[in-house]
Amino acid sequence: GAIASLLEYDVRHAMVSIESIWVEVHGALGGRLDHQLANLFEWSVSLMRMGLPGTCVVGPESVLTMEPVVGAFKKGERFSVMGMSVNQTARVQITGAKYSGEFELRQASHGISNQAHETQVEIVPLMTNFPLLVTKLL
């Protein structure tokens, strides 16, 4: 939480205009599920509070993003997309996957498991003000 808070402060008080942000977080997933979930939600809240389009890489297979994800999966790889909000609906457009189209994610537990069917998959957040969690499934 402290690093995310410092980053938010830096973004708000930057001397130059910042249009988007890319953050890589190392060691945030830990070995315990409770720590992993807490860290994912902490970084989700930080991205929302910064008010910028942005992406936070939180592990070798997961990103929190408010920007499109393009080309992250090879043909045949499985992935999931979840909205990181408990009380708002996210809309997302997915192309190049087994299940392509526009989808509503009503809460985090209503994510989409999918599989890349083309050489390029594109995941585009539509009308959402909170991050999507995009994860490669092993």
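This is a predicted model: local features need pLDDT of at least 70, side-chain atom pairs count only at pLDDT 80 or more; totals for chains, interfaces and linings use all residues.
Trainee: How many helices and strands does the protein have?
Mentor: There are two helices and ten strands. Both kinds are DSSP runs numbered from the N terminus: helices are H or I with at least four residues, strands are E with at least two. From the N terminus on, the order is α-β-α-β-β-β-β-β-β-β-β-β.

Trainee: What share of the residues is buried?
Mentor: Buried residues make up 38% of the 138 residues. Buried means under 20% relative accessible area, exposed means over 50%, and partly exposed is in between (1.4 Å probe, protein chains only).

Trainee: And the surface, what does that come to?
Mentor: The accessible surface is about 7900 Å², and 54% of that belongs to carbon and sulfur atoms. Accessible areas come from the Shrake-Rupley method with a 1.4 Å probe; for residues, only the protein chains shown count as cover.

Trainee: Back to the inside. Which residues have the most contacts in the largest nonpolar core?
Mentor: Phe79, Val81, Val92, Ile94 and Ile123 do, in a core of 17 residues. A nonpolar core is a set of buried Ala, Val, Leu, Ile, Met, Phe, Trp, Tyr and Cys residues joined through side-chain atoms within 4.5 Å.

Trainee: Which elements give two or more residues to this core?
Mentor: Strand S5 (78-83), strand S6 (90-95) and strand S10 (132-137) do. S6 gives the most to this core, with three residues.

Trainee: What is Val92 in contact with?
Mentor: Leaving aside neighbours within four places in sequence, the partners of Val92 include Val81, Phe103, Leu105, Ile112, Ile123, Pro125 and Leu132. Contact means heavy atoms within 4.5 Å.

Trainee: Pro125 is in that list. Where does Pro125 lie?
Mentor: In strand S9 (residues 122-126). Pro125 is buried, with a relative accessible area of 15%. Not counting residues up to four places away in sequence, Pro125 touches Met66, Glu67, Pro68, Arg91, Val92 and Leu132.

Trainee: Now sheets. In what order do the strands of the open sheet run?
Mentor: The four strands are in the order S4-S9-S6-S7, with antiparallel pairing. Strand S4 (69-70) and strand S7 (101-105) are the edge strands, each pairing on one side only. Two strands pair if DSSP finds at least two bridges between them. S6 and S7 are joined by five bridges, and Ala90 stands opposite Leu105 in S7.

Trainee: What about S3, which strand does it run antiparallel to?
Mentor: S3 runs antiparallel to S10, with four bridges joining them. Val63 stands opposite Val134 in S10. Both faces of S3 (residues 62-65) are covered: Ser62 and Leu64 are buried on one side, Val63 and Thr65 on the other.

Trainee: Why two sides within one strand?
Mentor: Side chains in a regular strand alternate between the two faces of the sheet.

Trainee: How many salt bridges are there?
Mentor: The count comes to four. A salt bridge is a side-chain nitrogen of Lys or Arg within 4 Å of a carboxyl oxygen of Asp or Glu.

Trainee: What does Lys136 form a salt bridge with?
Mentor: With Glu61, the closest N and O atoms being 3.7 Å apart. Lys136 lies in strand S10 and Glu61 in the loop between strand S2 (54-59) and S3, so the pair ties together parts that are 75 residues apart in sequence. Lys136 is partly exposed at 24% relative accessible area, and Glu61 is partly exposed at 29%. Salt bridges that share partners join Glu61, Glu77 and Lys136 into one network.

Trainee: Which side chain does Glu102 meet in a salt bridge?
Mentor: That of Arg91, at 2.4 Å from N to O. Glu102 lies in strand S7 and Arg91 in strand S6, so this pair ties together parts that are eleven residues apart in sequence.

Technical notes: Residues are numbered from 1 along each chain as its sequence is written. Side-chain values use heavy atoms; hydrogens and water are left out.
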